[in-house]
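Look at the structure below.

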Amino acid sequence: MLHEEIEIAQRQVKTDAYQMSIGEVVNMYRDKEIIIDPEFQRLFRWDLGQKSRLFESMILGIPLPSIFVFEREDSKWELIDGLQRLSTILEFMGLLKTPEGEDHPPSFLQETRYLPSLNNTVWEVSAEVDGLAEADQVGLTSDIKLAIRRSRIAVEILKRPSDNNTKYDLFQRLNAGGTPANAQELRNCVIIMANRNYYDQLKNLSETEEFGLVTAMSSDQLEKQKPMEYVSRFMVHLRLPYQNNLDVEEFINEGVIELAGGGVTNADQRAFTETFRLLNEAYGQGALRRFTDGNPGGRVSLAAFEIIAVGLAKNIDSVLARASPLAYVKNKIQTLWAHPEIEQFFTAGMRGTTRIQRTVPFGADWFAND
């Protein structure tokens, strides 16, 4: 059985590899033959020390890790892994474009363990260099520039007709271990790779006023893409049954890829919009918080989100058909917290796989009954 699974999986992947100079790779980017999606660039987080050590490696002739690309139908290469390295090189040379398509300011380097004289080094002395006065800049000499351009890097190519799901999986596996992009930032990139329009639809939903009021995200949660995470989870739990052999993150990842094929349907959008309209009208930012003595408090948890928001959404048509949908929702939320089984969903240390097998079905039943 294992040998058969390996053989099937291997047939889904077709690869090739080239050794290329940094100069060749840079020229391909300049000619728009290597594509970095603007949303991927928002993950560009290397600090000055990391950037400087990369150039130290190139100058000293230390081999660089491979970059991975996906060969598109138009034969252009879509970057899967190597964003930090390639972006650092392009930024330093003054060739990197911002996500909005503007010229990114060139960067400078700091001293490293083996090359302390790299301090304040720039590719070209310029007033455009970000954060360093022109008088303090030290331009690289032509021989060192040439050595950097001639540095070699391996390019691993996932070639057509490799399965698209292989591309998404490879992107997540390769990027999950580097300078931290969190799970949702990586998931955002995967959604974009699957269907850019679906990403835009989810993002628009995550920015709706009622959703924002109910989930009441902090600035740190907004920075970590929590609104998109909650919208992604909402859509997957709304439409797809949980496969209990999958890790929760893997289930959500595979779910959004599956749903991306059809985009956000009118029914999906209605369920989302009406759910958060009712929750906002019922209790606002208290709608997903634990009630104690009739008053909401504490934090919004995934368990509460899965029981209340997803449970309501799964029953939205029948709820809206009631004589007083708002009164019904208010009562169901308030009485939920007095239910004798409620504590089973909030046990400390509970695995996510166990939790969603309890919360999602319970919420669907809770809002289906009087």
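Rings of Phe, Tyr and Trp (its six-membered ring) pair if their centres lie within 6.5 Å; planes under 30 degrees apart are stacked, over 60 edge-to-face, and the rest tilted. The structure holds 16 aromatic pairs. The model is predicted: local features need pLDDT of at least 70, side-chain atom pairs count only at pLDDT 80 or more, and totals for chains, interfaces and linings use all residues. Residues are numbered from 1 along each chain as its sequence is written, and side-chain values use heavy atoms, with hydrogens and water left out.

Take two of the pairs.

| Pair | Centre to centre | Angle between planes | Type |
|---|---|---|---|
| Phe211 and Phe276 | 5.0 Å | 80° | edge-to-face |
| Tyr230 and Phe305 | 4.7 Å | 70° | edge-to-face |

Both link distant parts of the chain. Helices here are DSSP runs (H or I, at least four residues), numbered from the N terminus. Phe211 lies in helix α10 (residues 209–215) and Phe276 in helix α14 (residues 266–283), 65 residues apart. Tyr230 belongs to helix α12 (residues 226–239) and Phe305 to helix α15 (residues 302–314), 75 residues apart.

Phe211 and Phe276 are buried. Tyr230 has 8% relative accessibility, so Tyr230 counts as buried. Phe305 is buried too, at 1%.

Ring pairs also build a cluster: Phe211, Tyr230, Phe234, Phe272, Phe276 and Phe305.

Now the charges. A charge sits over a ring if NZ of Lys or CZ of Arg is within 6 Å of the ring centre and within 35 degrees of the ring normal. The charged end of Arg322 sits over the ring of Tyr328, 3.9 Å from its centre. For Lys330, the ring is that of Tyr283, with the charged end 5.7 Å from the ring centre.

Technical notes: Helix = DSSP H or I, 4+ residues; strand = E, 2+ residues; numbered from the N terminus. Buried < 20%, exposed > 50% of the residue type's maximum accessible area, 1.4 Å probe, protein only.
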